[in-house]
Amino acid sequence: MPNNFKITVLGCGTSTGVPVIGCHCPICKSNNPKNNRLRTSILIQHNNQNIIIDTSVDFRYQALKFNIENVHAVLFTHHHADHVHGLDELRIFTSRYKSRIPCYGRKETLSYLKKIYFYAFDENVQAGGGIPRIELIEVEDPFHLFGIKIIPLKVFHGKLVITGYRFFDVAYITDSSKIPDDSKKALYGLKLLFINALREEPHPTHFNISEALSVIEELKPERAVLIHLGHQINFEKTPKNFPENVSFAYDGMEFTQ
């Protein structure tokens, strides 16, 4: 990672968040704050520019909790609710700074955003509370953003094609159940890999812990952090034979250079 570069984990939880509403399991009732998980998202800060990956449904609280006073760009992984339904909160920044925020993603993701946030794109719709002024930019090939080369990576979330990202020597893969060989080629030589690991038991559309560890063993990053964690995972209890370079994420976890 270059100088003046910082990553903050805004949330590392699965779609329900942790604790889960109405659940009385030991993790949901845990007193350890690292077992409390907002929906998965990270903040990338470089040269006074703030880039977030996904506008989680918890984004308002995340922005307040981590003192985010502006957002300069968004990278979207896919269009599921826990990853995009905080987008309307961007209107605070676009109103305050009188600027549009570029939002990058696959065609399918952007099409969904145009439907669910139709009022932000239709001049004939009156939105009394204001609208997020955003620019949707379709990406498949590498592009540059504030001096950072961003490499979009095709991964599978069950049968759904979604997007991972590599930037510098960091990669971010969430909600994945399979990484194609072509994408794996761009994931070698990493210093830091974020990768989803929902739980210990298998799941049809997400890596479980053992599957994520197999990917880590293959790619051999210097460090790997498991994200998109369910309430079956106890931060205090790592599985047997957990590699030393692998750890569970927690909200507020930071990486700096």
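**Strands, loops and backbone**

Modeller: Strand 4 (residues 73-75) and strand 5 (residues 101-105) run parallel and are joined by 2 bridges. Pairing needs at least two bridges found by DSSP between the strands. Strands (E, at least two residues) and helices (H or I, at least four) are DSSP runs numbered from the N terminus.

Colleague: What kind of model is it, and how are residues numbered?

Modeller: It is a predicted model, where local features need pLDDT of at least 70, side-chain atom pairs count only at pLDDT 80 or more, and totals for chains, interfaces and linings use all residues. Residues are numbered from 1 along each chain as its sequence is written, and side-chain values use heavy atoms, with hydrogens and water left out.

Colleague: Back to strand 5, then. Which residue there is the bridge partner of leucine 75?

Modeller: Tyrosine 104 is the partner of leucine 75.

Colleague: What is the order of the strands in the open sheet?

Modeller: The order is 6-5-4-3-2-1-14, which makes 7 strands, and the pairing is mixed. The edges are strand 6 (134-138) and strand 14 (254-256). Each has a single partner strand, so one side of each has no neighbour in the sheet.

Colleague: By how many degrees are neighbouring strands turned against each other?

Modeller: On average the turn is 20° between neighbours in this sheet, with direction ignored. Axes are lines fitted to C-alpha atoms, for helices over the stretch in contact, and angles run from 0 to 180 degrees between N-to-C directions.

Colleague: Which helix packs on the sheet, and where does that helix touch?

Modeller: Helix 4 (residues 107-116) does, with strand 5 and strand 6 as the strands it touches. The direction of helix 4 makes about 155° with that of strand 6. Contact here is heavy atoms within 4.5 Å.

Colleague: Changing topic. What is phenylalanine 66 in contact with, sequence neighbours aside?

Modeller: Once neighbours within four places in sequence are left out, phenylalanine 66 contacts Thr8, Val9, Leu10, Asp251 and Gly252. Phenylalanine 66 belongs to the loop between helix 1 and strand 4.

Colleague: And how many Å separate the C-alpha atoms of phenylalanine 66 and lysine 154?

Modeller: Those two C-alpha atoms are separated by 30 Å, and the residues are 88 apart along the chain.

Colleague: Is asparagine 67 buried or exposed?

Modeller: Exposed, at a relative accessible area of 63%. The cut-offs are under 20% for buried and over 50% for exposed, with partly exposed in between (1.4 Å probe, protein chains only).

Colleague: What about aspartate 54, which is not a glycine either: what is its phi?

Modeller: Aspartate 54 has a positive phi of about 75°. Its place is in the loop between strand 3 (49-53) and helix 1. Aspartate 54 counts as buried, with 0% relative accessibility.

Colleague: Which peptide bond is cis, from valine 18 to what?

Modeller: The bond from valine 18 to proline 19 is cis, and omega is near 10°. Proline 19 is in the loop between strand 1 (5-11) and strand 2 (41-46).

Colleague: Now strand 9 and strand 10. In which sense do they pair?

Modeller: Strand 9 (residues 160-167) pairs with strand 10 in the antiparallel sense, over 3 bridges. Arginine 166 is opposite alanine 171 of strand 10. The hairpin of these two strands has 2 residues between them, and phenylalanine 168 there has a positive phi near 55°.

Colleague: Which way do the residues of strand 10 point?

Modeller: In strand 10 (residues 170-173), Val170 and Tyr172 point one way, Ala171 and Ile173 point the other way, and all are buried. In a regular strand the side chains alternate between the two faces of the sheet.

Colleague: What does alanine 171 have as bridge partner in strand 11?

Modeller: Leucine 193 is that partner. Strand 10 and strand 11 pair in the parallel sense, with 4 bridges.

Colleague: And how many bridges join strand 11 to strand 12?

Modeller: There are 5 bridges between strand 11 (residues 192-196) and strand 12, and the two run parallel. Leucine 192 has arginine 223 in strand 12 as its bridge partner.

Colleague: How many residues of strand 12 are buried?

Modeller: Strand 12 (residues 223-227) has 4 of its 5 residues buried, which makes it mostly covered.
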